[in-house]
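This briefing covers one protein and RNA model.

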Amino acid sequence: MKLDTRQVEQKWKKFWVDNEIYKVSNDSDKPKYYVLDMFPYPSGAGLHVGHPLGYIASDIYARQKRMSGYNVLHPIGFDSFGLPAEQYALQTGIHPAVSTEQNIIRYKEQLSNLGFSFDWSREVSTSNPEYYKWTQWIFTLLFSHYYDISAQRAMPIDHLVNHFESKGSEGIQPFQGEAVEFTAEEWKQYSDKEKSDCLMNYRLAYQKTGYVNWCEELGTVLANDQIKDGVSERGGYPVVKKAMTQWYLRSTAYAERMLQELDDIDWPDPLKTMQRNWIGRSTGASVFFELDNHSESLEVYTTRPDTIFGVTFMVIAPEHPLVNQITTAGQETEIKDYIDYVNSRSDIERMAEKKVTGAFTGAYAIHPFTGAKVPIYISEYVLIDYGTGAIMAVPSDDERDMSFANKFNIPIIDVVDKSKYPGATLDDKIGVIINSDFLNGLEVADAIQLATEKIEEKGIGQLQINYRLRDANFSRQRYWGEPFPIKYNKEGIPSMIPADELPVTLPDTENFKPGGDGKSPLSLIEDWVNIDGEHLRETDTMPAVAGSSWYYLRYMDPQNKEAFASKESIDYWQNVDLYVGGAEHAVAHLMYARFWHKFLFDTGYVNTTEPFKKLINQGKIQGIIESIYLDKSSKDKKCFYSADIVEESQMDRYAKIPVHIDYVSNYGHPDSHLDLEGIQKFIDWAKEYKNAEFHTSTGVFQGGNLSNGQTNEFKFVTVSEQGKMSKSKYNVINPDDIVDRYGADCFRIYEMFLGPIEQDKPWDTNGIEGVFKFIRKLWSLFVQDDDQVNISDEAATKEELKILHAAIKKVREDSERFSFNTCISAMMVCVNELKKANCNKREILDPLTRLVAPFAVFVAEELWEMLGNEASVHQQQIPHFEAKYLVDDEIEYPLCINGKKRASAVFPANTSKSDLEKLAQENQEIQKWLEGKNLIKVIVVPKRMINFVVK
RNA sequence: GCCGAAGUGGCGGAACUGGUAGACGCGCUGGAUUCAAAAUCCAGUUCUCGCAAGGGAGUGGGGGUUCGAUUCCCCCCUUCGGUACCA
């Protein structure tokens, strides 16, 4: 009986479906355990070998938990709204709903080949109206709540309205910005529009002006990653910042709780650190500076109020609303030119820029303590979204301020004497204050406190806690997303579409082109936009993060029509116990989901404060990108050069053209190259290079002919680099092909065997043979040479039990720390040793089958059947480790001289420390090393090692 | 720029709490079996000096702590992820 993976997989897949092996009930006496994979986006390229890495790990863990007596929820679904489908529609005219549906079908096929224990009856996709009805519903909930600062939680907006009606704004602080004060009487006098505008300062979903990347030529708003080097990736057109009214979510309201409650969750420390830094809490002061010749004042935020006497200039963001008002006539051109320059740059470029740029507005602020006139500049290093979008510059104690002062010849006043602290840098916040009036002589920490007090005393500012976190921009000018459940009346006042009218479904269309002037394609569908002659719909749609911020809750009760999930289901499943996904989601998705979950907690819809209790990051599997050098200067005639004849110093002359890895011989190795057949394939595929020349050290190939050199010697060397596996690099490895050849179990185990789950690693199909051998060897323990199943009922020996239990111990311990690669090593060692011992005993093979079952899910079923069992192995108990089988009578000690191993010796396990020292010293090899040396001391670590320190 | 991570043989990696560096697997070399191949099995495989016995070096680079450092501390280099509209 030979192992036929295809037949085995088919047989058991059917058995699982017929018997609903992986169906999960919300009603169970068992303890619950929720294992979640990050939401896949169903891309047109299909699944490549990198995608399942996390799914395999979580599947193994879910199966082990199930075999340990838990009721395990392990669902999957699709994050099916997104930009790529819309891009594809623009290019091909195929409706995103259609292409998305096809992609999902393909993904499901590919996933089902890998033996995952998903409960498919719980599948969801975010673009399904049954699903996005609830995304919209949560949005209306956000719209109708505000963040009550004193209660530190979300409250219904009606409470606020009632308060305004009876007491006005008294005792109410908006979450951020300057409080507008009004009495109850004034509130009642407000027009509807004024009331709406006022409430916008409080709502958790609100409107304000934001900046988008606008590309005039394409007539559309671009995502950051559609922009390369300041121009559109498609077409290379200029991109500028454009101000538009957009929806925002007040995520900053939850900044403090998101920060504090990080302590309660079991996530990797680096991830928590990234979130802490992203939230970026700082304590400082906001200070108002009077302006010379203007009635307005300029608010800045500083974490170093102690250095206020060192202020020699101010810098405000180029987008700052005051810029237009304060710029003097003489400076207008300079300021305008500079703003044009800044508008063409992305935030990343702005922050990464080392070169100092800026422009003088011509206006001055008045220093609140010295009365000095301080010039006001604009510069890209000040960002409008952070703090107040304005800083007081202290060139003596801030690196960027210092470069700026140097460049623009602005004086520098030293205010912190760091001579007491040699080696202290500007970031260290230590030193003694000088040149600063009442602050002189104080240590920095004390000076910060006193300066803040003085600022408050003078009524020009106050102590303030600030967050780097910004409110989430929630508007997209796209078709393929959730429509907002919002309508506007004739005055332009937004209101919610009532819950019983949800979902607001996406209207069908064949035109996915942008609506003009930054409007979404939806704005062109007039009979949809116009509701009743009185109201117009919001035509922007929500971003992809909307649907993925709460999907884990929908899995708890995916078919519910009355609620996003029933109270009972949420009470039972609560939150996710284990979440597996990539570190690239560290801040964006994981922040949004935490924010939504806390909001749903405040509103009483969930009973936990955090969505994901434990989180594991998975690394990426990288591909090999093969490319060839094209001479950029060869205009009429395309010339390629073999990598071995291209000189390092000449690199600028060449462009790297990616080549499909299937054409490359020895791909991924230093010797990778195209032979003649490979070149022929390449030019058949990339027809524009049909007549190109291919220069090598031995000859030139052109149009099917080779000049100079032998056909069999021809080698056109390619460049191999490790990088993303992607359709555009022609290096995608499809798991289907691997499964077809080696079986799903082999694929699963090989992916885990590649290395630690959290690390990035390159894919190399070559290594898979070792795992294939392991599976066949495991099989051969049950089925011997005569192809007959042959299992013995003899009692196992002490040695065999030791082999088995060493593996059980290692697999169970290492699984708990998600070190699956070492689990597999342990199982390999176990099978190798059992094979050597010719062991085919049931007493060993039965637990061994249950041990490997979560990894080799199909083969284990077949082996379980061979053992004479009926039900699925996946419904059995995981084997227990018994320490008594692993007790050693003797221990082999390394004997070291000065920490370096020089010999080894075996001693009984119960030898005393002093006996060990004596016996080790008598060792012949050690005697040789001690000869003529001074023995200073002997270090004996029982059960570990013995070290002689000599001189 | 800022935040986070990684760097160990030809390759993927192991060494969990400071205690034998290179488990396990790929590849490679030699051998057995075979008409031959596949498959399987056996032996070897960090580099370096040496016929050998046996030395020496060695975990990205430099320094430090320690009897002992891949592991802890400081500085530097390279690569990868994120940087708010890819998901």
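The model is predicted. Trp-137 has a relative accessibility of 15%, under the 20% limit, and therefore counts as buried.

**Aromatic pairs**

- The ring centres of Trp-137 and Tyr-605 are 5.1 Å apart and the planes stand at 85 degrees, so the pair is edge-to-face.
- Trp-137 belongs to helix H5 (residues 129-143), while Tyr-605 sits in the loop between helix H20 (588-602) and strand S24 (612-618). The two residues are 468 residues apart, and the pair links distant parts of the chain.
- The model has 71 aromatic pairs.
- Among these pairs, Trp-16 and Phe-858 have ring centres 4.9 Å apart and planes at 20 degrees, so this pair is stacked.
- Trp-16 comes from helix H1 (residues 5-18) and Phe-858 from helix H28 (residues 857-866), so the contact ties together parts that are 842 residues apart in sequence.
- Both Trp-16 and Phe-858 are buried.
- One aromatic cluster is formed by Phe-640, Tyr-663, Phe-682, Trp-685, Tyr-689, Phe-694, Phe-701, Phe-716 and Tyr-730.

**Surface around RNA strand B**

- RNA strand B is surrounded by 65 residues. The closest of them are Asp-79, Asn-224, Asp-225, Leu-754 and Asn-947.
- By class, this surface holds 27 nonpolar, 18 polar and 20 charged residues.
- Sugar or phosphate accounts for 63% of the atoms of RNA strand B within 4 Å of the protein, and bases supply the rest.
- A backbone N or O atom of Leu-83 lies 3.2 Å from one, a polar side-chain atom of Arg-476 lies 3.3 Å from one, and a polar side-chain atom of Asn-832 lies 3.0 Å from one.
- Helix H26 (820-836) is one of the elements that supply at least two residues of this surface, and H26 gives the most, with 6 residues.
- Other elements that supply at least two residues include helix H10 (269-279), helix H13 (347-352) and helix H24 (768-782). Strands are also represented, among them S6 (220-222), S36 (900-908), S37 (935-941) and S38 (945-950).

**Second largest pocket**

- The second largest pocket has a volume of about 670 Å³. Its lining has 27 residues, of which Ile-661, Asp-662, Tyr-667, Ile-733 and Thr-765 are the closest to the centre.
- Helix H22 (residues 735-742) gives the most to this lining, with 4 residues.
- The lining divides into 11 nonpolar, 9 polar and 7 charged residues.

**Cavity**

- The model has 1 cavity of 30 Å³ or more. The volume of the largest cavity is about 50 Å³.
- Residues that line the largest cavity include Leu-3, Thr-5, Val-8, Glu-9, Tyr-742, Ile-775, Phe-858 and Val-859. Gly-743, Ala-744, Asp-745 and Cys-746 are also among them.
- H1, helix H23 (744-753) and H28 each give two or more residues to the lining of the largest cavity.
- By class, the lining of the largest cavity has 8 nonpolar, 2 polar and 2 charged residues.

**Backbone and loops**

- The peptide bond from Leu-502 to Pro-503 is cis, with omega near 0 degrees. Pro-503 is placed in the loop between strand S21 (494-496) and helix H16 (526-529).
- Glu-20 is a residue other than glycine with a positive phi, near 45 degrees. Glu-20 lies in the loop between H1 and strand S1 (32-37).
- Asn-435 also has a positive phi, near 55 degrees, in a residue other than glycine. Asn-435 lies in the loop between strand S17 (432-433) and helix H15 (444-457), and its relative accessible area of 48% makes it partly exposed.
- Phe-78 is in the loop between strand S2 (71-73) and helix H3 (83-92). At 0% relative accessibility, Phe-78 counts as buried.
- Phe-78 and Ser-127 are 49 residues apart along the chain, and their C-alpha atoms are separated by 8.6 Å.

Notes: Residues numbered from 1 in each chain as written. Chains lettered and ligands numbered in written order. Predicted model: local features only at pLDDT ≥ 70, side-chain atom pairs only at ≥ 80, totals over all residues. Heavy atoms only, no water. Near = heavy atom within 4 Å. Polar contact = N/O pair within 3.5 Å; in protein donor to acceptor, adjacent residues only side chain to side chain. Nonpolar A, V, L, I, M, F, W, Y, C, P; charged D, E, K, R; others polar. 1 Å grid on protein atoms, 1.4 Å probe; cavity = no way out; pocket = protein on both sides within 12 Å on 5 of 7 lines; lining within 4 Å. Points joined across faces, edges and corners; volume = space filled by probe spheres on them. Phe/Tyr/Trp six-rings, centres within 6.5 Å; stacked < 30°, edge-to-face > 60°. Buried < 20%, exposed > 50% of the residue type's maximum accessible area, 1.4 Å probe, protein only.
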